[in-house]
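Here is a short report on one protein chain. Look at the sequence and the model first, then read on.

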Amino acid sequence: MEPNFQALQVIAEVALGIVGFSAILIGLSRTSDGFSAPDNFRIQLLTYSAFSAVFCALLPFAIYTDSNPELSWSIVSWVICIASVMGLLIFPRRMLGLRNEGYEKLFPIHIFLFQTGILSAIFIISGLMILGYIKAKANFYVICLMLFLVQSSFAFIRTMFVLSLIHI
C-alpha cells in the first residue's frame, strides 16, 4: 500500500511548526539561570517528539519505491520503532526522577501514564507492523506520527501554561 504523501506532508509541516514555536519559546524565555528542570524536560520531550514526527514523516518520501514496497515499509517501521524505544529509554526515567526531586505537582501520575502510554503505543504499533500483524501499514504509520504530534503538542501546552498556573 502506497503511503499517503499528502498526509505525511501535513504532519511534517505541523511538526516543523511545533519545533519553530519551541525555538521561539527557548529564545524568548532565556534567563541567566536557564530553564528549570521541569521546563527543560518538557522542552526536550517536545523537541524530541516533533523532530521524530518530522523525520519519520519525510522518510517515506526518500525511500518508498513501487518496485519494493515491503522493504520500504520495513525500513520506516523499524525507524519509527527505534525512535519510540529511544523515547521510552529516556523520558519515563527522567520524569520519575523529577517526581522524586519534588516536582510531583508538575508531573502527576496520570501525566506520566499518558506520556509514557503514547510512546508505548507507538512502540507496539510499529512492532506489530514489523512483525506483519498489521496490513494497513500506511494508515497505522500515520497514526504513529499523529501520536508523536499529540505528545509534542501536549508537552508544548504544558510548557506554556502549567508553569504560569503554578506560579500565580
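## After helix α4

Just past α4, Gly-132 adopts a positive phi of about 90°. Helices here are DSSP runs of H or I with at least four residues, strands are runs of E with at least two, and both are numbered from the N terminus.

The model is predicted: local features need pLDDT of at least 70, side-chain atom pairs count only at pLDDT 80 or more, and totals for chains, interfaces and linings use all residues. Residues are numbered from 1 along each chain as its sequence is written, and side-chain values use heavy atoms, with hydrogens and water left out.

## The overall fold

The chain has five helices and zero strands. Along the sequence, the pattern reads α-α-α-α-α. The chain has 168 residues, and 40% of them count as buried. Buried means under 20% relative accessible area, exposed means over 50%, and partly exposed lies in between (1.4 Å probe, protein chains only).

Accessible areas come from the Shrake-Rupley method with a 1.4 Å probe; for residues, only the protein chains shown count as cover.

## Helix α4 in detail

Helix α4 covers residues 109-131. Its 23 residues should span 33 Å at 1.5 Å a residue, and its end C-alpha atoms are 32 Å apart, which agrees. The expected span is 1.5 Å times one less than the number of residues.

The buried residues of α4 include Ile-111, Gln-115, Ile-118, Leu-119, Ile-122 and Met-129. An α-helix has 3.6 residues a turn, so residues three or four places apart point the same way.

## A buried serine

Ser-49 sits in helix α2 (residues 37-63). At 0% relative accessibility, Ser-49 is buried. Beyond its neighbours within four places in sequence, Ser-49 touches Phe-148, Gln-151 and Ser-152.

## One salt bridge

How many salt bridges does the rule give? The count is one. The rule asks for a side-chain nitrogen of Lys or Arg within 4 Å of a carboxyl oxygen of Asp or Glu. The side chains of Glu-70 and Lys-137 make the bridge, at 3.5 Å from N to O. Glu-70 lies in helix α3 and Lys-137 in helix α5 (residues 137-167), so the pair ties together parts that are 67 residues apart in sequence.

The partners differ in cover. Glu-70 is exposed at 52% relative accessibility, whereas Lys-137 is buried at 11%. Side chains of opposite charge can pair when their charged atoms come close.

## Cysteines without bonds

The structure holds zero disulfides. A disulfide needs a pair of cysteine sulfur atoms within 2.5 Å. The sulfur of Cys-56 is 8.8 Å from its closest cysteine sulfur, in Cys-144, which is too far for a bond. Cys-81 is in no disulfide either; its nearest cysteine sulfur, again in Cys-144, is 9.2 Å away.

Cys-56 is buried, with a relative accessible area of 1%. Cys-81 is buried too, at 8%.

## A nonpolar surface patch

Which residues form a nonpolar patch on the surface? They are Trp-78, Ile-82, Met-86, Leu-89 and Ile-90, with about 500 Å² of accessible area together. Patch residues have over 30% relative accessible area and no salt bridge; like charges are joined within 9 Å, and nonpolar side chains (Val, Leu, Ile, Met, Phe, Trp, Tyr) within 5 Å.

Ile-82 belongs to helix α3 (residues 69-100). With a relative accessible area of 45%, Ile-82 is partly exposed.

How values were computed. Contact means heavy atoms within 4.5 Å.
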